[in-house]
Amino acid sequence: MLLVLSIGARLAWTYLLPNGANFVDLHVYVGGAAALDHPGALYDYVYADQTPDFPLPFTYPPFAAVVFYPLHLLPFGLVAFLWSVGIVAALYGVVRLSQRLLTESSAPGGRRTAMLWTAVGIWTEPLRSTFDYGQVNVVLVLAILYAVYSNRWWVSGLLVGLAAGIKLTPAVSGLYFAGARRWATVAFSAVVFLGTVLLSVAVVGEQARYYFTDLLGDAGRVGPVGTSFNQSWRGGISRILGHDAGYGPVVVAGIVVTAVLAVLAWRAVGGAADRLGAVVIVSLFGLLLSPISWTHHWVWLIPLMIWLLHGPLRAEPGARVLGWGWLALTLIGVPWLLSFAQPTIWVISRPWYLAWAGLVYIVATVATLGWIASRGGRRSRAPSPDPCP
């Protein structure tokens, strides 16, 4: 009943409120895909009907345009409605796979627990922005989780390669499969990704070369680095410095610290022995590493909260504090609240208190990785129950 009420409230929010949802990113997907009918126009396309001061270009790999091409043949209203329903279904799938990936010593819960997590998850900030913009990230997270869940190398490699072909960020999951020594999955995912590139070249032609040579490293084209919605190290440091910090010394230092904590956290959970914990750790590192991690990229917080509150460390007070803390943080939506205080989305400089407050997801992630890493340290100092004679 809670899930039904939550879905109904979300659809009412979308269709009954004046600013309920604008589906601007879905417009970009569909409009960019339609641009394939005009050779050479893919990366000249911009959507500005609802964002005249912030035109949105097609910033995704060309394979995404090929995948989304059939959508422009349908009425946009129908596409948007089905997309919203699909987000709910994908979120439920993310929750169920997260439960199944928990170790046998955990209490993963059943379908009723999954329905409750889905009902609540709809209203967390990563999902609210996903619904509002019509984003695809929940489906990509679902694909990566199933790749981790599957023991068939070709299924896992296919999912990772296709997900990276649609949006490059899922490629960071390759670190998980390398750490788990699933080398066949790593190799096949690279082959599949290369296949998406070659298919793009065959369909899109010169525009594919243009993307992978000229546009790939242009973070400014993706969006304003300094907006509060960008919760990566580069975004957070840029707001404090008042200019795009790029990958300067301070940003690199933050990434190095995060990498060290992620490695220690990986070891603390036993690596790929705890599949959910391990892939969440890798994904959190990827979010802070990326030049731009919009709040709708942070769908990985749903599996993180499930791992904290239902996983092998659930009995420890720190797990409950972090799990409920993340839930409160995402339900409130601090970056969203901070966005009301920024005069324009393009201005990087902020008053110091707003700039530092904009580190909220970054600081919480570092604290979470640090706490997970400390569990391994404590266990290493504990006496063995079966000491060596």
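Analyst: A residue is called buried under 20% relative accessible area, exposed over 50%, and partly exposed in between. The model is predicted, and the terms below apply to it.

User: Why is W13 called partly exposed?

Analyst: The relative accessibility of W13 is 36%.

User: How many aromatic pairs does the structure hold, and what makes the pair of W13 and W123 edge-to-face?

Analyst: The structure holds 18 aromatic pairs. The ring centres of W13 and W123 are 5.9 Å apart, and their planes stand at 70°. Centres must lie within 6.5 Å for a pair, and planes over 60 degrees apart count as edge-to-face; the pair is therefore edge-to-face.

User: Why is this pair said to tie together parts that are 110 residues apart in sequence?

Analyst: W13 belongs to helix α1 (residues 2–16), whereas W123 lies in the loop between α5 (111–121) and α6 (125–133), so the pair ties together parts that are 110 residues apart in sequence. W123 has a relative accessible area of 22% and is partly exposed.

User: What is the geometry of the aromatic pair formed by W336 and F340, and is each residue exposed or partly exposed?

Analyst: The pair of W336 and F340 is edge-to-face, with 5.1 Å centre to centre and 80° between the planes. W336, at 37% relative accessibility, counts as partly exposed. F340 has a relative accessible area of 60%; the class exposed begins over 50%, so F340 is exposed.

User: How do you know that the charged end of R128 sits over the ring of W336?

Analyst: The charged end of R128 is 5.7 Å from the centre of the W336 ring. The definition asks for CZ of Arg within 6 Å of the ring centre and within 35 degrees of the ring normal. R128 is accordingly listed as sitting over that ring.

User: What makes helix α13 mostly covered?

Analyst: Helix α13 (residues 233–241) has 7 of its 9 residues buried. The buried residues are W233, R234, G235, G236, I237, S238 and R239. Just after α13, G242 takes a positive phi of about 85°.

User: Which annotation covers residues 353–373, and how much of that span is helix?

Analyst: The unreviewed UniProt entry annotates residues 353–373 as "transmembrane region". In the model this span is 90% helix and 0% strand, with its end C-alpha atoms 29 Å apart.

Methods: Residues are numbered from 1 along each chain as its sequence is written. This is a predicted model: local features need pLDDT of at least 70, side-chain atom pairs count only at pLDDT 80 or more; totals for chains, interfaces and linings use all residues. Side-chain values use heavy atoms; hydrogens and water are left out. Rings of Phe, Tyr and Trp (its six-membered ring) pair if their centres lie within 6.5 Å; planes under 30 degrees apart count as stacked, over 60 as edge-to-face and the rest as tilted. Helices (H or I, at least four residues) and strands (E, at least two) are DSSP runs, numbered from the N terminus. Buried means under 20% relative accessible area, exposed over 50%, partly exposed in between (1.4 Å probe, protein chains only). UniProt positions are given in the numbering used here, feature names are shortened, and annotations may be inferred rather than shown by experiment.
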